[in-house]
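Subject: Structure handover

Hello,

The sequence and structure are below. My notes on what was found follow.

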Amino acid sequence: MLRKHFAAEGVSTKEYLPYRPEGLPAKVVAVANFKGGVGKTSTAAHLAMSAALDGYRVLVIDLDSQGSMTSILGGNVADEWQTVFPLIAKDYAQAVQQENRVRNAAGQSEIPLDETLNEALKTGPGDVIQKTHWPNIDLIGAQLNLYWAEFQIPVWRMGLRSWPLWDGLTNFLHQDGVLDDYDIVFLDTPPALGYLTINALAAADILLVPLGASFLEFDSTGRFFDMLYTTFASIEDGENAAQRAAGLPELKFEWDVVRAIITRFDASQQTDMANVIQAYFGDFMNAYRQDYTALVGQAGEQVNGIYEADYRDFNRDTYVRGRETFDRTYAEFKEVLIGCWWRDTHMGDKADG
Ligand SMILES: Nc1ncnc2c1ncn2[C@@H]1O[C@H](COP(=O)(O)OP(=O)(O)OP(=O)(O)O)[C@@H](O)[C@H]1O
Ligand SMILES: [Mg+2]
């Protein structure tokens with residue numbers, strides 16, 4: 001690869017490789033909001049493409065059974081076995097195996113593993129991660145069957161109450177060197193605070209919450225934050241009683257950074273509302289507002305993201321402004337990303353939890 005060559009040969013003092021501190025794992029970025037159509041997938045897809053163009057190695061995980069992200073990246077997903085489904089199943093199956101060892105020793109009967117779970121135990125990253133036509137972007141795709149996970153996860157949990165149902169995705173990312181193989185992992189989530197979204201939020205270092213500058217989206221995003229807080233506080237409460245009793249460290253969900261980001265912004269109509277939202281969210285708000293652009297607004301169905309849009313299909317102004325708005329969204333994201341890595345190197349990694 002040219003980038004590697006120039007970084008090694010060094011034709012000038014300029015740095016060609018994107019910044020990631022030596023030895024630190026990839027950053028995991030979840031894009032979430034239970035409100036539908038706020039720009040989660042567009043934001044995640046364009047950040048992933050910008051980061052790839054910038055030289056980062058990117059893994060995108062589609063957690064939405066609608067599979068929009070998967071189509072944008074041209075993914076092929078035959079059934080749930082090419083999605084995160086078997087990874088979460090495997091996590092549960094491993095928890096059951098561990099429990100069964102304890103039960104065996106105590107002479108108690110085992111929890112049975114069905115065919116699906118036995119199959120899932122054999123799944124590794126290579127079975128679910130696919131290449132895309134983007135050299136630096138790999139994908140774990142989604143399709144309709146993934147929705148089954150929302151029914152299956154609580155059933156598994158009833159079979160083994162001690163299984164942490166929010167941890168499957170985190171455990172997958174930390175196993176088999178996935179976080180070493182990539183620089184950034186983007187998680188696109190469905191418009192719901194279901195079990196897959198909870199897995200994404202639990203795995204994330206950086207949480208991005210897109211919203212449009214309208215009252216409805218502002219209102220429902222406020223409720224999304226409330227619900228997030230309540231959901232994770234109740235998981236922590238439930239868990240920590242047991243952890244304390246067992247003398248184990250307590251569970252605490254935390255993110256390096258949480259950022260709300262205005263999407264599909266129309267400065268001529270929405271500046272007042274955007275200012276209200278900015279004042280309300282304060283430091284949790286991105287400074288840059290991602291503009292509404294016909295580059296995704298209309299071409300979105302035929303074109304797989306603006307970096308693949310043909311400039312000849314648009315008037316010059318539309319094209320330039322469309323590119324610029326996503327470039328600037330990425331520029332601000334990159335500052336946040338590098339800030340997180342900088343803190344990890346200079347102030348020690350955040351406490352595990
Ligand atoms: N900056 C933008 N300018 C114009 N249109 C946009 C922009 N961002 C997103 N859109 C359009 O808005 C619609 C919703 O966007 P997107 O699919 O990214 O939202 P979402 O939050 O992922 O939706 P869902 O909740 O269904 O997953 C899409 O038709 C998309 O093309
Ligand atoms: Mg989406």
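**Salt bridges**

E99 is partly exposed, with a relative accessible area of 21%; buried means under 20%, exposed over 50% and partly exposed in between, with a 1.4 Å probe and protein chains only. This is a predicted model, in which local features need pLDDT of at least 70, side-chain atom pairs count only at pLDDT 80 or more, and totals for chains, interfaces and linings use all residues. Residues are numbered from 1 along each chain as its sequence is written, chains are lettered from A and ligands numbered from 1 in the order in which they are written, and side-chain values use heavy atoms, with hydrogens and water left out.

E99 pairs with R103 in a salt bridge, where the closest N and O atoms are 2.8 Å apart. The term stands for a side-chain nitrogen of Lys or Arg within 4 Å of a carboxyl oxygen of Asp or Glu. R103 and E99 are separated by about one helical turn because they are four residues apart in helix α4. Helices (H or I, at least four residues) and strands (E, at least two) are DSSP runs, numbered from the N terminus. R103 is also partly exposed, at 22% relative accessible area.

A search of the whole structure gives 14 salt bridges. In general, side chains of opposite charge can pair when their charged atoms come close. One of the bridges joins K122 and E119, at 3.4 Å from N to O. Here K122 counts as exposed, with 61% relative accessibility, while E119 is partly exposed at 40%.

Another bridge links E324 to R328, with 3.8 Å between the closest N and O atoms. Both residues lie in helix α14 (residues 316–347), four residues apart, or about one turn of the helix. E324 counts as partly exposed at 38% relative accessibility, and R328 as partly exposed at 43%. Elsewhere, R20, R57 and D183 are joined into one network by salt bridges that share partners.

**Cavity**

How many cavities of 30 Å³ or more does a search of the whole structure find? The search finds one. The grid has 1 Å spacing over the protein atoms alone, and a cavity is a set of points where a 1.4 Å probe fits but cannot get out; lining residues have an atom within 4 Å of a point. Grid points are joined across faces, edges and corners, and the volume is the space filled by probe spheres set on the points.

The largest cavity holds about 50 Å³ of space. Its lining consists of L87, K90, D91, Q94, G168, N171, F172 and Q175. The elements that give two or more residues to this lining are α4 (85–105) and α8 (168–174). Helix α4 supplies the largest share, four residues. By class, the lining residues divide into two nonpolar, four polar and two charged. Ala, Val, Leu, Ile, Met, Phe, Trp, Tyr, Cys and Pro count as nonpolar, Asp, Glu, Lys and Arg as charged, and the others, Gly among them, as polar.

The C-alpha atoms of G168 and T318 are separated by 42 Å, and the two residues are 150 apart along the chain.

**Surface patch**

Y147, W148 and F151 form a nonpolar patch on the surface, with about 370 Å² of accessible area together. Patches are made of residues with over 30% relative accessible area and no salt bridge, with like charges joined within 9 Å and nonpolar side chains (Val, Leu, Ile, Met, Phe, Trp, Tyr) within 5 Å. Accessible areas come from the Shrake-Rupley method with a 1.4 Å probe, and for residues only the protein chains shown count as cover. F151 belongs to helix α7 (residues 148–159) and is partly exposed, at 48% relative accessible area.

Most residues other than glycine have a negative phi. D176, in the loop between α8 and α9 (178–181), has a positive phi near 55 degrees. R264 has a positive phi near 50 degrees; R264 lies in the loop between β7 (257–263) and α12 (267–281) and counts as partly exposed at 29% relative accessibility.

T221 is in helix α11 (residues 215–245) and is buried, with a relative accessible area of 0%. T221 and A32 are 189 residues apart in sequence, and their C-alpha atoms are 10.0 Å apart in space.

Regards

Methods. 1 Å grid on protein atoms, 1.4 Å probe; cavity = no way out; pocket = protein on both sides within 12 Å on 5 of 7 lines; lining within 4 Å.
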